[in-house]
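Please look over the sequence and the three-dimensional view below before reading on.

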There are 2 protein chains.
Amino acid sequence: MTGQDQSPTAQLSEALSTAAAAVEETMVALLTPSDSAAPRLWQAMRYAALSGGKRLRPFFVLQSARLCGVSGEPALRTAAAVELVHAYSLVHDDLPAMDDDNMRRGQPTVHRQFDEATAILAGDALQTLAFEVLSGPETHPSAEVRSQLVAALAQASGAAGMAGGQMLDLGAADTDWDETSIQQLQSMKTAALFACACELGAILGEAPPDQRIALRTFGLNFGLAFQITDDLMDVTGDASEAGKAVGKDAAQGKATLVELEGLESARAIAARFCHNAMESLDLYGDRADLLREIAGSVTSRRS
Amino acid sequence: MTGQDQSPTAQLSEALSTAAAAVEETMVALLTPSDSAAPRLWQAMRYAALSGGKRLRPFFVLQSARLCGVSGEPALRTAAAVELVHAYSLVHDDLPAMDDDNMRRGQPTVHRQFDEATAILAGDALQTLAFEVLSGPETHPSAEVRSQLVAALAQASGAAGMAGGQMLDLGAADTDWDETSIQQLQSMKTAALFACACELGAILGEAPPDQRIALRTFGLNFGLAFQITDDLMDVTGDASEAGKAVGKDAAQGKATLVELEGLESARAIAARFCHNAMESLDLYGDRADLLREIAGSVTSRRS
């Protein structure tokens with residue numbers, strides 16, 4: 001059955017699988033050095049980064065790059081770099097001193113499978129590898145583009161982005177929250193990396209500012225909707241479907257819109273972010289239908 | 001008293017102080033964002049990165065850059081980036097799951113002053129900031145140079161360099177060591193970042209390959225001598241002079257040349273590396289005297 005004959009849901013599902021397989025192949029190559037003096041570290045890095053997952057962030061890089069005229073090695077390496085940063089953040093977030101999780105995607109977390117020291121170092125080295133990949137000439141012939149990729153990923157994942165958001169999340173129990181401050185936390189912790197994934201595609205394609213902003217806006221709104229549905233699943237979900245423990249947010253005093261506003265209101269806010277995400281793609285017409293489809297599907301996700 | 005009238009030791013001491021103050025100022029600026037949503041994280045990052053230290057790696061960046069015709073903001077930002085990576089590695093190495101150190105430079109380590117989760121995130125975000133700094137246009141007008149800076153720092157500090165060396169170090173008690181394998185461990189754990197610091201100066205100056213190799217070789221040999229003297233101090237030193245606990249290597253089964261070969265032999269090997277370091281600077285004539293002086297002084301260091 002060809003793409004045209006399939007339902008939008010089936011098309012999206014096939015596109016996600018194809019992208020995940022291609023990104024996986026790129027990541028395997030990046031995580032298999034020809035000469036490894038510290039084999040246990042690489043083993044832990046591979047365990048962390050190649051243990052499945054939907055590869056949503058890489059998918060966004062690939063789709064955004066395609067909309068801006070870029071495919072192949074540059075798009076795949078950039079997609080892999082974003083996933084390396086995501087993988088590093090999961091390894092560190094799962095540590096006993098942080099969220100203290102034993103399971104991730106149905107497998108023991110890295111510090112349970114190896115040990116804490118190895119998990120810390122594997123996370124560190126996954127982050128470093130992401131920047132090494134982006135700076136390499138194989139990622140893009142233009143050094144200006146490569147520098148912009150590095151800068152954008154660093155801004156999204158550092159103290160002003162993902163790491164800062166995780167810091168706020170850890171201190172959440174001691175803070176008074178309202179909708180605005182929770183949204184800032186979730187923008188940093190989750191949505192910044194989705195926004196960045198989409199923006200990197202525009203950077204790769206040296207797209208004009210309006211396209212760059214449109215793709216960023218899509219990623220940011222998608223990420224906010226995604227985080228709310230994550231929080232909803234923590235309340236309503238089941239551990240075997242989610243592949244990790246559920247019901248932990250309330251116990252740990254995490255700041256979520258579900259806690260603050262209740263289930264129905266949180267669902268409505270997520271739907272609004274999805275709508276905003278889709279609207280931001282207007283300038284791409286039906287070429288952006290896969291991104292629209294994934295935004296439309298986020299509120300019904302189960303894992 | 002002007003530079004010419006001073007003894008080489010006094011000149012080096014003054015040059016080190018001047019460089020440390022300039023790098024400190026650059027780091028303070030980089031670690032003070034105009035708008036900080038996660039103030040505790042930035043506070044921990046500043047605590048980690050601005051708590052003194054000799055700033056040897058930044059000094060090497062500045063000196064190498066000077067030898068290749070570069071000074072000012074590009075050299076200072078690059079120097080600061082290397083020190084941010086060094087600072088991140090110390091924060092993570094000190095964690096309970098790693099070397100479990102309570103004191104560093106005479107102060108409580110970051111996880112003692114804050115908590116473990118904050119220390120993990122502060123280390124993560126310091127690393128990210130280093131790459132953000134290098135990728136910024138203020139660091140160098142040429143994006144090709146900026147990409148090379150990022151690539152070189154990533155290679156030196158990732159799984160094939162510093163992080164890989166720390167992994168080997170943690171597993172040292174379970175391994176059979178000889179001089180070659182210890183030297184490989186110490187090349188990765190310590191010398192790679194010194195070699196990189198020197199090479200970054202050459203990259204900034206777009207120096208020809210022979211100069212780049214000469215500076216790299218200097219840094220690598222200096223770093224190996226530096227690590228051996230560190231191991232010597234752990235055996236012979238005193239905690240108040242060193243600003244941290246001593247006598248821990250043997251207790252933790254660390255692989256050092258001091259353990260393997262004894263004090264006298266380790267001193268001789270360190271002296272040989274210093275000699276190699278100085279020799280590699282021949283093509284710079286007396287313009288490299290400060291680097292020669294610091295290499296000559298390393299075997300008599302006390303902290």
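To compare copies, they are superposed by least squares on the C-alpha atoms of residues with pLDDT of at least 70 in both, where pLDDT is the predictor's confidence in each residue, from 0 to 100. On that basis chain A can be laid on chain B with an RMSD of 0.0 Å by a turn of 180° and a shift of 0.0 Å along the axis. That is the relation of a two-fold axis. The same surface serves both copies, since 98% of the contact residues of chain A recur in chain B; two residues are in contact if their C-beta atoms, placed from the backbone, lie within 7 Å.

**Basis of the model**

- This is a predicted model, in which local features need pLDDT of at least 70, side-chain atom pairs count only at pLDDT 80 or more, and totals for chains, interfaces and linings use all residues.
- Residues are numbered from 1 along each chain as its sequence is written, while chains are lettered from A and ligands numbered from 1 in the order in which they are written.
- Chain A has a mean pLDDT of 94, and 97% of its residues reach 70 or more.
- The scores of the model are ipTM 0.96 and pTM 0.97.

**Fold of chain A**

- Chain A comprises 15 helices and two strands; helices (H or I, at least four residues) and strands (E, at least two) are DSSP runs, numbered from the N terminus.
- The radius of gyration of chain A, taken over C-alpha atoms, is 18 Å, close to the 19 Å that the globule rule gives for 303 residues, so chain A is as compact as a globular protein of that length. The globule rule is 2.2 Å times the number of residues to the power 0.38.
- The C-alpha trace of chain A spans about 50 × 50 × 40 Å along its principal axes.
- Contacts between residues 24 or more positions apart make up 71% of those in chain A with a separation of 6 or more.

**Interface between the chains**

- On chain A, 46 residues are in contact with 45 residues of chain B.
- The elements giving two or more residues to this side of chain A are α2 (39–49), α6 (116–135), α7 (143–157), α8 (162–170) and α9 (179–204) of chain A.
- With 13 residues, α6(A) gives the most to that side.
- By class, the side of chain A that touches chain B has 26 nonpolar (Ala, Val, Leu, Ile, Met, Phe, Trp, Tyr, Cys and Pro), six charged (Asp, Glu, Lys and Arg) and 14 polar residues (the others, Gly among them).

**Buried interior**

- Of the 303 residues of chain A, 55% count as buried. A residue is buried if 20 or more other C-beta atoms lie within 10 Å of its own, exposed if 12 or fewer, and partly exposed in between, with C-beta atoms placed from the backbone.
- The buried residues of α2(A) include A:Leu41, A:Trp42 and A:Met45.
- Their cover includes α1 (8–30), α4 (73–93), α5 (110–113) and α6 of chain A, together with α8 (162–170) of chain B.

**Residues with positive phi**

- A:Arg105, in the loop between β1 (103–104) and β2 (107–108) of chain A, has a positive phi of about 50° although it is not a glycine.
- A:Arg105 is partly exposed, with 14 other C-beta atoms within 10 Å.
- B:Arg55, in the loop between α2 (39–49) and α3 (56–67) of chain B, has a positive phi of about 55° and is not a glycine either.
- B:Arg55 counts as buried, with 24 C-beta neighbours inside 10 Å.
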